[in-house]
Amino acid sequence: MVAKKYSSDFIVKVVKECLVSNECLAKIARKYNIPKGILRQWLLRFKYNGEAAFTSVRRSYSTEFKIKCVEEVLQGLGPVNQIAAKYNLSDEFVLRTWIKKYNSNMELKDFNTHKEDRMAKAKRNTSLEERIEIVNYCIQNGCNYKNTATKFNVSYPQVYNWVKKFKANPATGLEDRRGHHKSDDEVGELERLRRENNRLKQQLKEKEMLFELLKKAEEFERM
């Protein structure tokens, strides 16, 4: 179903009617055959940008602008519809798309109406040791994700997600669980030590389980 187009003059007229009328939004929406959700978004855009919200719609989006919008939502500075209205996006779905791809560790590229809005994959793969170094550098430098990404030639979303995962789970948050399980020879010294420690813990647990099993077997024989 193709979305209905509304002229800027019509939108401004309806919004102003909402502001001065004693009628509820639902009644005005029915009067003009407008979805109630769209009418609410018009009112939010008008609140932040006035009539200019509908006469000068933003047509180009830089990487920095996209990241700024996404991070305001992720940092709890406002819900998606409010942030979309604040920055005069044509639809909150645009921002939801940016958030989804940002959280999927994709790089947000510059966009304008003359080229397709593509989301490029991260520039390169990284080892666990590299991710630890990158996160350590980022935290020591006040969580400056942009400068860290530039210094280590990775994407901004990668750095942001690695720091977030590390803070949530320092032990395993930076592990790359995609693809095949690398052998000990394919990983760095730190990862090998971690794996050996886990193996020793598992062996100890198995020995304790075996000891308990033997005790039960002996008790059974004495019965």
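Analyst: Happy to! This is a predicted model, in which local features need pLDDT of at least 70, side-chain atom pairs count only at pLDDT 80 or more, and totals for chains, interfaces and linings use all residues. Residues are numbered from 1 along each chain as its sequence is written, and side-chain values use heavy atoms, with hydrogens and water left out.

User: Let's begin with the overview: how many helices and strands does the protein have?

Analyst: The elements are DSSP runs numbered from the N terminus, with helices being H or I over at least four residues and strands being E over at least two. Counted that way, the secondary structure comes to 11 helices and 4 strands.

User: What percentage of the 223 residues count as buried?

Analyst: A residue is buried under 20% relative accessible area, exposed over 50% and partly exposed in between, using a 1.4 Å probe and protein chains only. The accessible surface of the protein, from the Shrake-Rupley method with a 1.4 Å probe, is about 15,100 Å², and carbon and sulfur atoms hold 52% of it. Of the 223 residues, the buried share is 33%.

User: Among contacts between residues at least 6 apart in sequence, what percentage join residues at least 24 apart?

Analyst: Contact here means heavy atoms within 4.5 Å. Among the contacts between residues at least 6 apart, the share joining residues at least 24 apart is 56%.

User: How many nonpolar, polar and charged residues does the contact of α5 with α7 have?

Analyst: Residues in the contact include Phe65, Cys69 and Leu74 of α5, which meet α7 residues including Leu95, Trp98 and Tyr102. Ala, Val, Leu, Ile, Met, Phe, Trp, Tyr, Cys and Pro count as nonpolar, Asp, Glu, Lys and Arg as charged, and the others, Gly among them, as polar. By class, the contact of α5 with α7 has 10 nonpolar, 1 polar and 2 charged residues.

User: Is Trp98 buried or exposed, and how far apart in space are Trp98 and Cys69?

Analyst: Trp98 lies in helix α7 (residues 92-103). With a relative accessible area of 2%, Trp98 is buried. Although Trp98 and Cys69 are 29 residues apart in sequence, their C-alpha to C-alpha distance is 8.8 Å.

User: How are α8 and α9 oriented to each other?

Analyst: Helix α8 (residues 128-140) and α9 pack with their axes 9 Å apart, at an angle of about 140 degrees. Glu133, Ile134, Tyr137 and Cys138 in α8 meet Tyr145, Thr148, Lys151 and Phe152 in α9. The contact of α8 with α9 has 5 nonpolar, 1 polar and 2 charged residues. At that angle, α8 and α9 are therefore oblique.

User: What is the phi of Asn153?

Analyst: Most residues other than glycine have a negative phi. Asn153 lies in the loop between α9 and α10, and is partly exposed at 40% relative accessibility. Although Asn153 is not a glycine, its phi is positive, at about 60 degrees.

User: Asn88 also has a positive phi. Is Asn88 buried or exposed?

Analyst: Asn88 sits in the loop between α6 (80-86) and α7, with a phi of about 55 degrees. At a relative accessible area of 7%, Asn88 is buried.

Methods: Axes fitted to C-alpha atoms, helices over the stretch in contact; angles between N-to-C directions. Parallel < 35°, antiparallel > 145°, perpendicular 65-115°, else oblique.
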